[in-house]
Amino acid sequence: MSDDSRTVQLLIGALREQCLLKGHNGIRGLGLVFRRMDIDFSKGIVYPEFRIAIDRYGLKMSEGYSKTFFNALDKDKSGAIDFAELMNALRSPMNERRTNVVKEAFDNFDVNSDGKLSLDDLRGIRGLGVVFRTMDLDCSRSLVLDELRIGLDKFGLRMADNYLKTLFDSIDKDKNGKIDFLEFMKALRSPMNNKRIAVISEAFDKLDTNNDGVLDVDDLKGLYLCVLHSFYMFSIV
């Protein structure tokens, strides 16, 4: 590791520590840090804003170190640090337990063991579950707008803020400001093919004993014999 790389890692660690001391951890906390740094609300932190921000966090450094730090965070060399770049730099590393869970999940879905997840690997509800957990950075079981932005960016999908907001709102069916897994799955899963539709239609017709096009309690009464259930047979209550 070069001296510059070591210096950058030390500076990142120092800024991360200051954020944690102020209670700014997780994606929402880092979102607050970003908004405070983004003085002109441009959704990008330019160098003068960055310089002001690190001074506010008590990190005094020379102009040379400050520019080195800024350039290290500005991964795409656009001249501004976006939220994804700031978050990727400052969020705490995953602990060993979570790393193992992610690795196990990855290995389960990497069906051809090539070390990559392709579209074919990610088909179906289990594959969508992997995508959702990858995007759910704070493990809240829901996606906020910034998490969707970062997740799409990882898949190479970058879009203007107005298009992103339109996409988010269209998936967030209950309008609570978050996308849960059910909403995510309904939006992204592929339509059923004709064979699967035929199987489901046949199963429905067998359950719909009075042929009224609706499944109600009366249709299901004769299909489940509670006397055969272990809770009933062994009087487990």
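Biologist: Which residues is Asp74 in contact with, leaving aside its neighbours within four places in sequence?
Modeller: Asp74 is in contact with Gly79, Ala80, Ile81 and Glu85. Keep in mind that this is a predicted model.
Biologist: And where is Asp74 found?
Modeller: Asp74 lies in the loop between helix H4, residues 63-73, and helix H5, residues 83-90.
Biologist: Is Asp74 buried or exposed?
Modeller: Asp74 is buried, yet it has no salt bridge.
Biologist: New topic. Which residues make the nonpolar surface patch?
Modeller: Phe155, Leu157, Met159 and Tyr163 make the patch, which covers about 430 Å².
Biologist: Where does Met159 sit?
Modeller: Met159 is in the loop between helix H8 (145-154) and helix H9 (161-171).
Biologist: Now the whole protein. How many helices and strands are there?
Modeller: The protein has 13 helices and two strands.
Biologist: What share of the residues count as buried?
Modeller: The figure is 30% of the 237 residues.
Biologist: And the accessible surface of the protein, what does it come to?
Modeller: About 15,900 Å², with 57% of that belonging to carbon and sulfur atoms.
Biologist: Last one: what share of the contacts with a separation of 6 or more joins residues 24 or more positions apart?
Modeller: Such residues account for 47% of those contacts.

Terms used: Residues numbered from 1 in each chain as written. Predicted model: local features only at pLDDT ≥ 70, side-chain atom pairs only at ≥ 80, totals over all residues. Heavy atoms only, no water. Patch = residues over 30% accessible without salt bridge, like charges linked within 9 Å, V, L, I, M, F, W, Y side chains within 5 Å. Areas by Shrake-Rupley, 256 points an atom, 1.4 Å probe, with all protein chains shown as cover. Salt bridge = Lys/Arg side-chain N within 4 Å of Asp/Glu carboxyl O. Helix = DSSP H or I, 4+ residues; strand = E, 2+ residues; numbered from the N terminus. Buried < 20%, exposed > 50% of the residue type's maximum accessible area, 1.4 Å probe, protein only. Contact = heavy atoms within 4.5 Å. Lys, Arg positive; Asp, Glu negative; His and termini not counted.
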